[in-house]
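Here is a short report on one protein model. Look at the sequence and the structure first, then read on.

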Amino acid sequence: MDGTGAAGGPARTGGGVLLDVGPLSGRPGIRASGEINVSTRLSWETALTELSRQHTDVSYVELSAVRFVDVAGVAALAVTAMNLPVGRVVVERPPPQLPRVLELFWPSLHRIEVAPR
């Protein structure tokens with residue numbers, strides 16, 4: 001990883017690594033840790049673009065180590081899921097605000113399944 005925040009590595013700011021995204025082992029998807037916010041959005045969106053390119057039927061997004069995701073980060077996930085030709089995205093153990101934002105803005109989006117913490 002070159003420090004730019006592309007999929008498979010950390011997004012860095014002046015304060016250090018804020019988001020690290022990499023592939024899941026043994027199944028299709030990504031694992032993220034840190035925070036998804038304005039400082040790390042490009043890294044998050046890049047990872048989601050790569051996820052959609054590799055998607056077949058079910059893709060997993062493991063977020064147990066994500067402390068915070070802002071509304072724009074949830075929107076990027078929702079748009080990615082809506083644009084998939086088939087299947088769904090299973091979001092595992094997201095921070096509490098993610099399912100709340102999905103329910104508020106995309107209550108009928110069935111392409112995302114949330115597995116709680």
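The text below goes from the overall fold to the helices and then to a few single residues.

## The model and its confidence

This is a predicted model, in which local features need pLDDT of at least 70, side-chain atom pairs count only at pLDDT 80 or more, and totals for chains, interfaces and linings use all residues. Residues are numbered from 1 along each chain as its sequence is written, and side-chain values use heavy atoms, with hydrogens and water left out.

The score pLDDT is the predictor's confidence in each residue, from 0 to 100. Its average over the protein is 88, and 85% of the residues score at least 70. Residues 1-6 have a pLDDT below 50. Beyond near neighbours in sequence, this stretch has eleven contacts in the model. A contact means heavy atoms within 4.5 Å.

## The overall fold

The protein has three helices and six strands. Both kinds of element are DSSP runs, numbered from the N terminus: helices are H or I with at least four residues, strands are E with at least two. From the N terminus on, their order is β-β-β-α-β-α-β-α-β.

The protein has 117 residues, and 44% of them count as buried. Buried means under 20% relative accessible area, exposed means over 50%, and partly exposed lies in between (1.4 Å probe, protein chains only). Take the contacts with a separation of 6 or more: 60% of them join residues 24 or more positions apart.

## Strands side by side

Which strands pair in the parallel sense? Two strands pair if DSSP finds at least two bridges between them.

| Strand pair | Sense | Bridges |
|---|---|---|
| Strand 3 and strand 4 | parallel | seven bridges |
| Strand 4 and strand 5 | parallel | five bridges |
| Strand 5 and strand 6 | parallel | four bridges |

Single residues let you trace these pairings. Arg31 has Glu62 in strand 4 as its bridge partner. Glu62 also stands opposite Glu92 in strand 5. Glu92, in turn, stands opposite Ala115 in strand 6.

Strand 3, helix 1 and strand 4 form a right-handed β-α-β unit. Strand 4, helix 2 and strand 5 form a right-handed unit of this kind. So do strand 5, helix 3 and strand 6. Right-handed has a set meaning: with the strands pointing away from the viewer, the path from the first strand over the helix to the second runs clockwise.

## The helices

Helix 1 covers residues 41-54. Its 14 residues reach 20 Å from first C-alpha to last, close to the 20 Å expected at 1.5 Å a residue. The expected span is 1.5 Å times one less than the number of residues. Arg41, Ser43, Trp44, Ala47, Leu48 and Leu51 are buried in helix 1. Seen down the axis, these buried residues fall within an arc of 165 degrees, so they line one face of helix 1. The arc is that of the directions from the helix axis to the C-beta atoms. Leu42 and Arg53 are exposed on the other side of helix 1. Why can one face form? An α-helix has 3.6 residues a turn, so residues three or four places apart point the same way.

Helix 2 has twelve residues, which should span 16 Å at 1.5 Å a residue; its end C-alpha atoms are 16 Å apart, which agrees. Its buried residues are Gly73, Val74, Ala76, Leu77, Ala78, Thr80 and Ala81. Among the elements covering them are strand 3, helix 1 and helix 3.

In helix 3, Gln97, Leu98, Val101 and Leu102 are buried. They cover an arc of only 135 degrees around the axis, which puts them on the same side of helix 3. Arg100, Glu103 and Leu104 are exposed on the other side. The buried residues of helix 3 pack against strand 4, helix 2, strand 5 and strand 6.

## Two residues to look at

Is Gln97 buried or exposed? Gln97 counts as buried because its relative accessibility is 18%. Leaving aside neighbours within four places in sequence, Gln97 is in contact with Arg67, Phe68 and Val69. Gln97 and Arg67 lie 30 residues apart in sequence and 9.9 Å apart in space, C-alpha to C-alpha.

Arg93 is in the loop between strand 5 and helix 3. At 37% relative accessibility, Arg93 counts as partly exposed. Arg93 is not a glycine, yet has a positive phi of about 50 degrees. Most residues other than glycine have a negative phi.
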